[in-house]
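Here is a friendly walk through one protein model, written to be read with the structure open beside you. Take a moment to turn it around before reading on.

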Amino acid sequence: MAKITTVIDIGSNSARMAIYRRTSRFAFHLIYETKSKVRISEGCYESGGVLGQIPMDRAIYALKEFVQIAKAHKSRKIFCVATSALRDAPNAKVLLDRAKKECGVSIKVIDGKKEALYGGIACANLSHYKDGITMDIGGGSTECALIQDGKIIDLISLDIGTIRLKELFFDKKNNIEGARAFIQAQLANVPSHFRHHRVFGVGGTIRALSKMIMKYKRYPIQEVHGYEVNVEQNIKFFEKISQASEDKLDSMGVPQDRIDNIRSGSLILQMFLTFFGAKEIVTSGVGVREGVFLSDLLRGHKNSFPKGINPSINCIEDRFMLDKKYAEMTRRESLKIFDALFPLHKLDEQCKKLLHIASYLSSIGRILNFYNAEYHGSYFLLNALEYGFSHTERMSICLLVEYSGKKIPQDESIRHISDMMPKLLSLQWLSFMLALAENLCRSEGNMQIRYEYVKPKTLRIYTIADLYLAKENINKLHKPEPLQIEFIKV
């Protein structure tokens, strides 16, 4: 596979391009992304799907610059796919021929199920949940993939899209009831097993609505990927958006590039959520482009990462980790301490997972500067642990790295995130165990250390080394509860 790969997605509303750099076999990161609101489907739903000359011109202009940018990034491979508008258009070949001749790009028009598959591949591999229904609301169609245990079970594509509904029902008559009937007729074709309490929200409409909710709630993380929306608490908000007049949307906080189609998108969303019986939306920052890229990256692996592989962690290792041996030592000793002290802290497997990741990546901030490395590492990880982690996990790991061995504050510095974090005492225990392991790993080269918890509240550390510096630093660590530490040289 090429080290730098470009994926272009020509949708009914926008043409988007993403450029990815692979850092090792299963590790990658996004290095460039852009879009153009070419609106290739403009006017086509009232003219039998025929693409207009002006929309096609806009698409060609955008494609030319996309290719120039991709080449400037030394991209060796360019995938270009087109979805609903082109697969419905009787004159699609006109655009395909122009793209080949004028831009040097071969556009692959994919069918609805292939589009649903790409969205499913992206969510199944890059979300922190492995079960649910993807829902990709596009301009001309909506695609869904049913995912169970990280595997794609079934796919559907329906001719329901934001621009299609806008032009057929919203523009002239503002016929919301007609739009409802149109959606309901399409939903009648959905198999009965497409039911789940969780929907992965793919596409610009759902991302825009999620960002509005995040802004209203003053949510502490700006990253929309992985943001979880409670359906019951927000369904009336979706209804309010779909029923508002277009001139009121700006004052409601709707982004300018979504004002003309968010009402139809919001109507589609609420009706699908009710049909699926969904209770939560997991907002997805990934979709068709990531699915196209991953289907190439994971060919020969059944469109799934091998067990134990997380692309974000692997990419962090490749780009920022100076000493993998030290990182592995710190992780191993942290988990041994966790197991030894379990009778005292009684933390669950989820907390152990947090310690597992935080201890392995805790030294990452040194790539920028040794001083304040914990602070630098926390910022790195908050932004780099993008795939496969919930927002709660990301914030918890960053907090452990930033306050390793220190007393985690209870004031305004973390109060705004306290409702999405584990209990403070749990975090303090994890922070202490991480700091204890870090100090021991810095001093004990051979790492022949054994731990034993004995009552009353004593941790015995058996080692062949003197650990003079470690003992001095460990005495200064903030302990979440009274705990004696005894060093026994063997």
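Predicted model: local features only at pLDDT ≥ 70, side-chain atom pairs only at ≥ 80, totals over all residues.

Let's begin with the hairpin: strands β2 (residues 15-24) and β3 (residues 27-36) pair in the antiparallel sense through nine bridges, and two residues lie between them. If you want a landmark here, look for R22, whose bridge partner in β3 is F28.

Next comes an open sheet of six strands with mixed pairing, in the order β8-β7-β6-β9-β11-β10. Its edge strands, β8 (151-158) and β10 (228-230), each pair on one side only. On average, neighbouring strands of this sheet are turned by 25° against each other, direction ignored. Within the sheet, β6 (residues 132-137) and β7 (residues 142-148) are antiparallel partners over six bridges, with G132 opposite I147 of β7. Helix α7 (residues 204-217) packs on the sheet and touches β6, β9, β10 and β11, its direction making about 105° with that of β11.

Now for the pockets.

| Pocket | Volume | Lining |
|---|---|---|
| Largest | about 1400 Å³ | 50 residues |

Helix α7 returns in the largest pocket, where it gives the largest share of the lining, 10 residues. By class, its lining has 24 nonpolar, 11 polar and 15 charged residues.

Technical notes
Residues numbered from 1 in each chain as written. Heavy atoms only, no water. Pairing = 2+ DSSP bridges. Helix = DSSP H or I, 4+ residues; strand = E, 2+ residues; numbered from the N terminus. Axes fitted to C-alpha atoms, helices over the stretch in contact; angles between N-to-C directions. Contact = heavy atoms within 4.5 Å. 1 Å grid on protein atoms, 1.4 Å probe; cavity = no way out; pocket = protein on both sides within 12 Å on 5 of 7 lines; lining within 4 Å. Points joined across faces, edges and corners; volume = space filled by probe spheres on them. Nonpolar A, V, L, I, M, F, W, Y, C, P; charged D, E, K, R; others polar.
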